[in-house]
Amino acid sequence: MTCVCHYLIVLTFSLLLPFTFAQSPITVKNVTLLGSQLNPDVTSVSRDGGYSALINGNIVWLYDDTECKDLQGKQLSFVSNTAAYQADSANVSRVNDFGVVRLGKGQDGSPKTAILAGTSVGTGGWIPFQSDELDFNKDQIGKERVAIWPGTSPTSISTSAAFLFAPLVYVDYKPQDPSKEYQARGMTIIAITAPDTGPIARRQGDLIIPGTEIPYGGFSSLMGFKSTSHATDQDKGERDVYLIGLTDAGLHLARAGINDLTDFSKYTFWRPRDQNFSADPPKPTIKDTADVYVPGSFTSGNIFYSPYFQTFIMIYFNKMVDSTFYARYLQLNKPLGSDPTWAAGGKNGKGIIAEDVEALVKYHWSDEQKLYKSPTGKGGFNYAGNAHPEYFNTQYFPRSLYSSNSNSAQRRNAWYGSSIVSEEAGGGDGKNILLSWTSQLSGGLDNGIYQIELALLTFDDIPPNAKVGSSSSSTSSATTSSTTAVGHTPGSIFGAVKSGAGARLLNMGIMCLWSDSCMELMEFSIFLPLMIVVNFEQIMPLW
């Protein structure tokens, strides 16, 4: 068997970047370029996106449009989404795809392989199409297709299952109006499990959020404790999910109980102007920044709890086509109102833990600051920038997702990425973070090769006068916090759970969320060579 060998070139350099706040706790010590994400088992793969989550001890990577070619450039397969596992816990750059098919040998005798070669862009992908979508793609072959793009990283509902809100998009191959090349059909829900035999995606129903609404969950989703406005301090296992979607004006936020995720009529929507939730969803065309959760420019990214900064942070690309990662953090010293529970310093003045997602509507976000400018390939710009907090972090899962019978030492996951940074040298959970983006490596704008590029970003020590996370007392509180694990209620998709069975929750993969991702939601739209189209005039999201 011929082996195609790849060599990893690591470049490390220090960064001195300007920040909006002199007192920002987020400063960058250095960045290490790790090169392209590789799969030696596939002859030649071109794809974009690159989203991930730790599920059942496996790091699952999800991708948007994926094309495989032979060494002579002939297309072997093209589907709208694929999935892979990180090959081992130490090596962050190598993945193993599923559905790889051997297709004989090339002219030089080397094996030809492709992902999901037995399907087409209209019939298959890792996320399954429904019968009506298959019929549409068959009837409209060569004209239009329905695509499903993961678009954002999955949200853990237990240590062995996750959900994803994913967009369904109509792609017009030859639109008379270039602005209508991509039209949102709506958001669907994907339930994800990860047995060792390979990741499994299960859809539940059709559209959860219509294409005429803001694509909540498409930018990021977080699950946390029930709101303090309608729950006691005693954790009974119920959970709220906070769903963030984007429009031209910025980010918008909705909230739903874990059992209500598939019923859009039960969502409530944050009204920044009034500082409360409403049953009436805002219009996607809204422009007044007073009515936008986080005004600004966004295309890809996510929001997550950082055990290093002890607060929620946001890392993202905006629409400036500058290939730059930006960051914001939730300022626990700047509460939005006078709620005594959510005072300066965090919940009850004692900081916050990962389950305190309600803090997203209780404190101000910091101003945008530059984090890192990624090097570009032949295309001149990068897109689909994302952060991957499951690497270099043994506190990726909120503690309440573990069994209530587990002790503190058992409520930690493995350290992933030890070939780059060992846990002993890491400086603490979350001080290092893996970044990814999509870059064009070769070819023209409409037929190039696109790959996921990786970098390790190391944060500097937090200045003593800039600490915005929990205090020392809250650190202790977070360590000893007694919480009830999330479990599964029979008959319910996402099962609100009343007892400690977190490790069992949704292991059956019955959830299905819809991720409003459209990595192509940049100021222009970009797709893989197979259907890669760059439209520089169009700088707008799909919805």
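Select P389 and N393 to start: a polar atom of the N393 side chain lies 3.0 Å from the backbone oxygen of P389. This is a polar contact, meaning a pair of N or O atoms within 3.5 Å; within protein, one must be able to donate a hydrogen and the other to accept it, and residues adjacent in sequence count only if both atoms are side-chain atoms.

The model is predicted, so local features need pLDDT of at least 70 and side-chain atom pairs count only at pLDDT 80 or more, while totals for chains, interfaces and linings use all residues. Residues are numbered from 1 along each chain as its sequence is written, and side-chain values use heavy atoms, with hydrogens and water left out.

**Around N393**

Stay on N393, in the loop between β29 (382-388) and β30 (432-442). Strands (E, at least two residues) are DSSP runs, numbered from the N terminus. N393 counts as buried because its relative accessibility is 3%; buried means under 20% relative accessible area (1.4 Å probe, protein chains only). Now show its contacts, that is, heavy atoms within 4.5 Å. Leaving out residues up to four places away in sequence, N393 touches P307, N413, A414, W415, D429 and G430.

**Aromatic rings**

Next, select W61, Y63, Y391, F392 and W415, which ring pairs link into a cluster. Rings of Phe, Tyr and Trp (its six-membered ring) pair if their centres lie within 6.5 Å; planes under 30 degrees apart count as stacked, over 60 as edge-to-face and the rest as tilted. The whole structure holds 26 aromatic pairs. One of them, W61 with Y63, is stacked, at 6.5 Å centre to centre and 15 degrees between the planes. Both W61 and Y63 are buried.

Move to F298 and Y316, a tilted pair with 4.6 Å between centres and 45 degrees between planes. F298 is in the loop between β21 (294-295) and β22 (300-306), and Y316 is in strand β23 (residues 311-317), 18 residues apart.

**Charges over rings**

The term requires NZ of Lys or CZ of Arg within 6 Å of the ring centre and within 35 degrees of the ring normal. R255 lies over the face of F277, 3.9 Å from the ring centre.

**Nonpolar cores**

Finish with F165, L261 and Y267, which touch the most other members of the largest nonpolar core, a set of 61 residues. Strand β12 (residues 161-172) gives the most to this core, with seven residues. A nonpolar core is a set of buried Ala, Val, Leu, Ile, Met, Phe, Trp, Tyr and Cys residues joined through side-chain atoms within 4.5 Å.

Note on methods. Buried means under 20% relative accessible area, exposed over 50%, partly exposed in between (1.4 Å probe, protein chains only). Helices (H or I, at least four residues) and strands (E, at least two) are DSSP runs, numbered from the N terminus.
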